[in-house]
There are 2 protein chains.
Amino acid sequence: MHRYLPILDWGRRYDRATLTADLIAAVIVTIMLIPQSLAYALLAGLPPEAGLYASIVPILLYTVFGTSRALAVGPVAVVSLMTAAAVGQVAEAGTMGYAAAALTLALLSGAMLAGLGLLRMGFIANFLSHPVISGFITASGVLIATSQLKHILGVPASGHTLPEMVDSLWHHLDSINWPTLAIGLAATAFLFWVRKGMKPLLIRLGLSKGTADVATKAGPVLAVVVTTTLVALLGLDAAGVAVVGAVPQSLPPLTMPDLSLDLIGTLALPALLISIIGFVESVSVAQTLAAKRRQRIDPDQELIGLGAANIGAAFTGGYPVTGGFSRSVVNFDAGAETPAAGGFTAIGLAIAALALTPLIFFLPKATLAATIIVAVLSLVDLHVLRTAWTYSRADFAAVSATILLTLGFGVEAGVSAGVILSIALHLWRSSRPHVAEVGLVPGTQHFRNIRRHRVETHPHLVTLRIDESLWFANARFLEDMLLNRVASDDRLRHVVLMCSAVNEVDLSALESLEAINTRLSEQGISLHLSEVKGPVMDRLERSHFLDHISGRIFLSQWDAWVALGGEGPEAAANA
Amino acid sequence: MHRYLPILDWGRRYDRATLTADLIAAVIVTIMLIPQSLAYALLAGLPPEAGLYASIVPILLYTVFGTSRALAVGPVAVVSLMTAAAVGQVAEAGTMGYAAAALTLALLSGAMLAGLGLLRMGFIANFLSHPVISGFITASGVLIATSQLKHILGVPASGHTLPEMVDSLWHHLDSINWPTLAIGLAATAFLFWVRKGMKPLLIRLGLSKGTADVATKAGPVLAVVVTTTLVALLGLDAAGVAVVGAVPQSLPPLTMPDLSLDLIGTLALPALLISIIGFVESVSVAQTLAAKRRQRIDPDQELIGLGAANIGAAFTGGYPVTGGFSRSVVNFDAGAETPAAGGFTAIGLAIAALALTPLIFFLPKATLAATIIVAVLSLVDLHVLRTAWTYSRADFAAVSATILLTLGFGVEAGVSAGVILSIALHLWRSSRPHVAEVGLVPGTQHFRNIRRHRVETHPHLVTLRIDESLWFANARFLEDMLLNRVASDDRLRHVVLMCSAVNEVDLSALESLEAINTRLSEQGISLHLSEVKGPVMDRLERSHFLDHISGRIFLSQWDAWVALGGEGPEAAANA
């Protein structure tokens, strides 16, 4: 029971001090979340209130089922972009069908997350490599910022890939709405200044560092208030400045996702990708924050928490949600002690949905777009390309393919290609393992590559260290390599395979070893193994290989050297 | 030039002795191939002459481009079954569209094989594990034998999976044609006897072993001659015995495959599977035979040879072909010295197509079905299930899934599932590596698992040997495992990662190592590495990790033991 309901643990120890800390954090996060929720709904192609609704019930459900003390669940930039791409395949933005499909997507994603959690399959997220994630987030940041330019320019552009977006913007350049552009640029410039210049200024003006921090978080709210007032006073909506307009004044409505099989079939793969990307993003934030306070999170229970949050979003007018980076960090910095802080945030947002929505009628969409652009540009990190290039070409290939395909063909193609390519490259490399011929490092019992170290060898004994597990993809490689090495050397009487790096020998490789043993025997050469690990040896003992092998199994390579090296008188030094 | 045209090598050294050997082999193979080609065309759902045509030009082209001295290319059982399954999706057997689609399939398969060969991508065949291939061949044997029962019973059954076939046969049991059944059972019994009992009998009757062998190969021809004569003399075709009927008397016609994009789209995946399965089957036969004469084959050039053969089949009324096991072994045993033997076989079959086809009008399909059944039952090998079960559960899962899915859902589902499952299991295992805590084997410089060996340890030093390359799928596992191990031990001052089995450290794992280094430093513990391999060290030197690591890099674990072990006075013995 406690395993699936972490609230039972922390709820019992809840006291007044914790309550105060949680309440303060909730107020700060609520102020930050109001414009952010509206903006991300815009990014997802949904009405603004969907962003608020997606922040209320999901937070409450995560509070019950989640394990992170600081994670703030709700709409986030990347998942909003992925939602727009997925739902855009089945309906036109702004229609009833679009909002209904977003609910279905949230339900599918929630069911998948919860299902993976109950099956304890959180490990599948490990198959997204860091470079693929970095590349995907960077490219998504570029896509998101570009997608918002239409709101800054006041033109009706569209598209889900960078070429589509740029082309569409280019064709609408003649219809720029200048008042919108003025508001958009001013808001963007102001928000960049808030990020970089406002806090030092406030501190110079005598505010404490904490107060300056909170004031900085309220920057977007200030931009919202000022531009909304401006539009309302000057009647700029009549001059073509797009505004948010009428937003229903209500608590989250009870909604029913469309469960037609056709729709589910189309949205299943996008929902899976959204689930995994959302989970990876969320869990990495949660683990970073937990480590700072020496707490632990349980990834499988996190899947259940996020699953519950998404199912909640599906039935209360929201769309797919996950744990957001910036909001969680704010929550943490503001001193949130328990998930109850999230509950209080939900209450704050519910009050906003009930009371504040009439005030945002004149809120310009350009201001929301500016909020998004400033937020996502911090996601763009091209540094990873350089690091990957220096360190490993395979990682570079994965990260650059992910970036290019995400920009050129959209989020789903990008992340799928990144995952497949990184796994394929890993498989390819382990199908062509590094093999070192080793000799004795003089004065030690240690054996190293004859090409890299000054070592001793015997002319009638060759020791090959295979730097890979032996499995079906490299079984034939092993045969070819070994028989080639042996063919060129007449004096050879013993071949030792040093198995210190062989962590597995599967059935295909076992058959190859048997074939090698037979072929070497025919040539009068004995095959020996050394440093076979326990688990590998356990398995070999269950086969007939050990009965047939022409040579011996040595505990250490040194034992093999002593036993077999003594048979030849000469020991040649090798550079 | 010589690389792509091996004929230039062996053609230059061709002499009279080689000619004689090749001619004798060709006669024997031709006699064997006539009934086999007709039968496999029947299995593929094509008119019988397609089997002959598929054996003529393809053999000639392989002779020019192939590298194996003994491989005999033409229709084979498994590829014929796969052809029936693929082409059956787009057309009804017996129609013009069906034959045209088979040509398209051959062209696609030929283009893919040649393309893979030119790109030197023969290695992708390595990703089919031995258990998956064995399971697939076994299940295909069962499917093929079952599919032929309708010809033995003389009923119009259908289906591409075992349940479909059995169900269809069951519903037609009341319409059994008894003369057909009599011929079918007699032919099957005779052919089984030819395999098991005829050769010993002939040898007892005074024939030499070689002659007895040749006579045995002619067994199917004898069955064909006897049953055809019987049907013709008794007029059994009027009694409902299905016969081959009129076969055009002609050389292979020039045909043009249907290249509509729709058809290509549907057949692309089946063509890829046929190409890879055909290549694997062919290359393993070719390598086995080449090894017996200490010759070598070039797998990439084999792809080109098989590609040319299939493209030839597409333009001359054939269907997908590959190097067959039984025909190649017969060719080899009969003494074929060069690919010219194949050329002579093609001439023999061309003469058969021109002159002999009127003679097979009354050949009962039941006889051909008997030929197939007897041939494919030797493919069925359930022994692999037992071997896999004893040796490794992962291999057992792959082989049993392949068998069950091939039988239950058809050849494409079976082989795809087998490949995907075996790769997924490999990835899963390497994402949860074995980690051993090691200590010094007394009196040596060798370190082994403290749970398996009696070794010495130091209380303030823990050495973990990670039995896997460090890559993205196990990077998080490494962090969790290491930090858990450290958390439970207050006396710890040094952690050594013994990297003898670490063949790669990718960027994700590097980031995890950096995180581990930071976390351990915070707890006052130094992180060291030992036995880092050359290629891994080269790469680490290109990152900043070596600047930040709190401990040292030791050439050998013994060096680490000496340097770090001395810092603590006590050395505890551990069982």
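In the predicted model, 49 residues of chain A are in contact with 49 residues of chain B, two residues being in contact if their C-beta atoms, placed from the backbone, lie within 7 Å. Two or more residues are given to the side of chain A that touches chain B by each of helices H6 (130-153), H16 (383-391), H18 (411-431), H19 (472-487), H20 (507-522) and H21 (534-540) of chain A, and H18(A) supplies the largest share, 6 residues. Helices (H or I, at least four residues) are DSSP runs, numbered from the N terminus. By class, this side of chain A comprises 17 nonpolar, 20 polar and 12 charged residues, where Ala, Val, Leu, Ile, Met, Phe, Trp, Tyr, Cys and Pro count as nonpolar, Asp, Glu, Lys and Arg as charged, and the others, Gly among them, as polar.

The same surface serves both copies, since 100% of the contact residues of chain A recur in chain B.

Within chain B, helices H19 (residues 472-487) and H20 (residues 507-522) pack at an angle of about 15 degrees with their axes 8 Å apart, the axes being lines fitted to C-alpha atoms over the stretch in contact, and angles running from 0 to 180 degrees between N-to-C directions. H19(B) and H20(B) are therefore roughly parallel to each other (angles under 35 degrees count as roughly parallel, over 145 as roughly antiparallel, 65 to 115 as roughly perpendicular and the rest as oblique). The contact of H19(B) with H20(B) has 10 nonpolar, 2 polar and 3 charged residues.

The axes of helix H11 (residues 261-292) and helix H12 (residues 299-315) of chain B come within 11 Å and cross at roughly 120 degrees, which makes H11(B) oblique to H12(B). Here B:Gly278, B:Phe279, B:Ser282, B:Val283 and B:Ala286 of H11(B) meet B:Pro299, B:Glu302, B:Leu303 and B:Leu306 of H12(B).

Residues are numbered from 1 along each chain as its sequence is written, and chains are lettered from A and ligands numbered from 1 in the order in which they are written. As this is a predicted model, local features need pLDDT of at least 70 and side-chain atom pairs count only at pLDDT 80 or more, whereas totals for chains, interfaces and linings use all residues.
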